[in-house]
Amino acid sequence: MIEFIWRKILKPFLNIFLKSNCPLCQRTTDRELCKYCELQVMRCQFPGGGQIFPGKVPVFVWGEYKHSLKRAIAAMKYNDNPQIGRPLGYWLADGWLASPVAALDKVAVVPIPMHKKKLKERGFNQSEVLARNFCQLTGLQLRRNGLERVKQTQALFGLSPGERLETVQDAFVVGKDFLNRRPRASVLLVDDIYTTGATVNAAIEVLQKAGIKVLGVVAIATTKKPSSQQPRLKTKRENK
Ligand SMILES: [Zn+2]
């Protein structure tokens, strides 16, 4: 109980006043990540601000799932550091806003949900933390319960594409935010890591079947290599 009070109530409060240790390198810092690690994570960002992968809908990914970005995501998810989702969510928003797929009109942001059993274990959904911070910067509306995960799925790592598809089938249903009233806005899905697309495709299918438009997907990192044919993403900023 004391540990819970410290972790959930006192520590976040004290962090406003006290310097703490960077979760990646243990250097003292008054930010979520120290300046050195921030720089290292920024180096994993795709040239041009992000990369767009084609799919059912355009998928905007901020960086490559490697080095410091991979460590930052792992520290956030597995070492109870949801605060890392703040800079990551901001950077994701910044990259997406400068990309040609950004849209600010009638967009509702929906995080890929976690099964409630897993949510209880971890204490937070990293995609929701990213989405919340993404919305803070973009000013878009967060619909945290746009989707619900009704099937607990095993980790997709190491599964074949076919097995992945089977695993995520029927994993999602339309959540309580949209049950009684379908949004007039298009949905932008937020995920942490984009791999084969099996998870987001299952989520997109559920929304589309319910008559909800899906604008696209944003994710902070991907294991996919951008195809060599794909032109480097030019940001609006660069075009100016
Ligand atoms: Zn650090």
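Mentor: Let us begin with a term: a crossing of two helices is left-handed if the near helix is turned anticlockwise from the far one by less than a right angle, and right-handed if clockwise. By this rule the crossing of α7 and α9 is right-handed. The model is predicted, so local features need pLDDT of at least 70 and side-chain atom pairs count only at pLDDT 80 or more, while totals for chains, interfaces and linings use all residues. Residues are numbered from 1 along each chain as its sequence is written, and side-chain values use heavy atoms, with hydrogens and water left out.

Trainee: What makes α7 oblique to α9?

Mentor: The axes of α7 and helix α9 (residues 198-209) cross at roughly 40 degrees and come within 9 Å. Angles under 35 degrees count as roughly parallel, over 145 as roughly antiparallel, 65 to 115 as roughly perpendicular, and the rest as oblique, so α7 is oblique to α9. Axes here are lines fitted to C-alpha atoms, for helices over the stretch in contact, and angles run from 0 to 180 degrees between N-to-C directions; helices (H or I, at least four residues) and strands (E, at least two) are DSSP runs numbered from the N terminus.

Trainee: Why are α4 and α6 called oblique to each other?

Mentor: Helix α4 (residues 85-97) packs against helix α6 (residues 126-138) at an angle of about 50 degrees, their axes being 7 Å apart, and therefore the two helices are oblique to each other. As for handedness, α4 passes α6 in a right-handed crossing.

Trainee: Is Cys 22 buried or exposed, and what of Cys 25?

Mentor: Buried means under 20% relative accessible area, exposed over 50%, and partly exposed in between (1.4 Å probe, protein chains only). Cys 22, at 0%, is therefore buried, whereas Cys 25, at 27%, counts as partly exposed. Cys 44 has a relative accessible area of 4% and is buried.

Trainee: How many disulfides are there?

Mentor: A disulfide is a pair of cysteine sulfur atoms within 2.5 Å, and by this rule the count is zero.

Trainee: Why does His 67 count as exposed?

Mentor: The relative accessibility of His 67 is 58%, so His 67 counts as exposed. His 67 lies in helix α3 (residues 67-78) and has a positive phi of about 40 degrees although it is not a glycine. Asp 170, also not a glycine, has a positive phi of about 60 degrees; Asp 170 sits in the loop between α7 (161-168) and β8 (172-174), and its relative accessible area of 62% makes Asp 170 exposed.

Trainee: What makes Leu 147 count as buried?

Mentor: Leu 147, in strand β7 (residues 147-149), has a relative accessibility of 2% and therefore counts as buried. Leu 147 and Ile 112 are 35 residues apart in sequence, with 7.1 Å from C-alpha to C-alpha.
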